[in-house]
Amino acid sequence: VGSEMCIRDRQRALDTAATVAAHHDVPVMIDERLREIRFGRWEGLTHEEIRRRAPARYAGWMADPGETVPPGGETMDAVMRRVGDLWRELAAQPRDATVALVGHGACLRALLCLALEVPTSAFWRFQLGAASISELYVHAGGAKLVLLNDRHHLNGRGAPPPGAHPF
């Protein structure tokens, strides 16, 4: 890990961050910019429930979340702005700094889109399972994806049930 850890303030994220931070003797800093996207009327629903209730809108959101917004939810532009602020701070860190982020899929996918300079239409191309580890190497010219969705540390625990959607 390194010198600091920024996390989203959900209990699950706090628990994960506290475990990792204690192992590496680094402080945990809560950062609201890592909160999950606000799903509006889709909040608390599974992907399958959303697909059944609003098939066309769901299909549009899955094709490009930058073009389709969950009803009453947060726009991808808003997510990209808040995560973009965080990304710019991270990119400005000294080159020998290591920062661990514990967050939710949407904010971490948004960060990957920004860091790798890909459009939001690539958002769903990043597979990020629960408790997975991904790594970016940040350099003066941008970022390189070193590791994505590594879950070997779970040793078979926490794998999604058969047939579950992979996000």
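User: How many salt bridges does a search of the whole structure find?
Analyst: The model is predicted, and local features need pLDDT of at least 70, side-chain atom pairs count only at pLDDT 80 or more, and totals for chains, interfaces and linings use all residues. Residues are numbered from 1 along each chain as its sequence is written, while side-chain values use heavy atoms, with hydrogens and water left out. A salt bridge here is a side-chain nitrogen of Lys or Arg within 4 Å of a carboxyl oxygen of Asp or Glu. With that criterion, the number of salt bridges found in the whole structure is eight.

User: Which residue forms a salt bridge with Arg35?
Analyst: The closest N and O atoms of this pair are 3.9 Å apart, and the partner of Arg35 is Glu74. The pair links distant parts of the chain, 39 residues apart: Arg35 is in the loop between β2 (28-30) and α2, and its partner is in the loop between α3 (55-63) and α4. Helices (H or I, at least four residues) and strands (E, at least two) are DSSP runs numbered from the N terminus.

User: What is the N to O distance in the salt bridge of Arg51 and Glu48?
Analyst: These two are three residues apart in helix α2, which means that about one helical turn separates Arg51 from Glu48. An α-helix has 3.6 residues a turn, so residues three or four places apart point the same way. Arg51 is partly exposed because its relative accessibility is 33%, and Glu48 is partly exposed at 37%. Their side chains meet with an N to O distance of 3.1 Å.

User: How far apart are the end C-alpha atoms of helix α4?
Analyst: The expected span of a helix is 1.5 Å times one less than its number of residues. Helix α4 (residues 76-91) has 16 residues, so it should span 22 Å. The model agrees with this, as the end C-alpha atoms are separated by 21 Å.

User: What do the buried residues of α4 pack against?
Analyst: The buried residues of α4 include Met76, Met80, Trp87 and Leu90. Contact is counted when heavy atoms lie within 4.5 Å. The elements that the buried residues of α4 pack against are β3 (99-102), α5 (105-115), β4 (133-139) and β5 (142-150).

User: Which residue of β5 is the bridge partner of Glu135?
Analyst: β4 and β5 form a hairpin, with two residues between them. They pair in the antiparallel sense over six bridges, where pairing requires that DSSP finds at least two bridges between two strands. In β5, the bridge partner of Glu135 is Leu147.

User: How far is Leu145 from Leu112 in space, C-alpha to C-alpha?
Analyst: Leu145 is in strand β5, and it counts as partly exposed because its relative accessible area is 35%. Leaving out residues up to four places away in sequence, Leu145 touches Leu112, Leu116, Glu135 and Leu136. Leu145 and Leu112 are 33 residues apart in sequence, and their C-alpha distance is 8.4 Å.

User: Is Thr120 buried or exposed?
Analyst: Thr120 lies in the loop between α5 and β4. Its side chain makes a polar contact of 3.0 Å with that of Asp64; such a contact is a pair of N or O atoms within 3.5 Å, where within protein one must be able to donate a hydrogen and the other to accept it, and residues adjacent in sequence count only if both atoms are side-chain atoms. Beyond its neighbours within four places in sequence, the contacts of Thr120 include Met76, Met80 and Cys113. Because its relative accessibility is 17%, Thr120 counts as buried.

User: What is the phi of Ala131?
Analyst: Most residues other than glycine have a negative phi, and most peptide bonds are trans. Ala131, in the loop between α5 and β4, has a positive value although it is not glycine. The phi of Ala131 is near 65°.

How values were computed:
Buried < 20%, exposed > 50% of the residue type's maximum accessible area, 1.4 Å probe, protein only.
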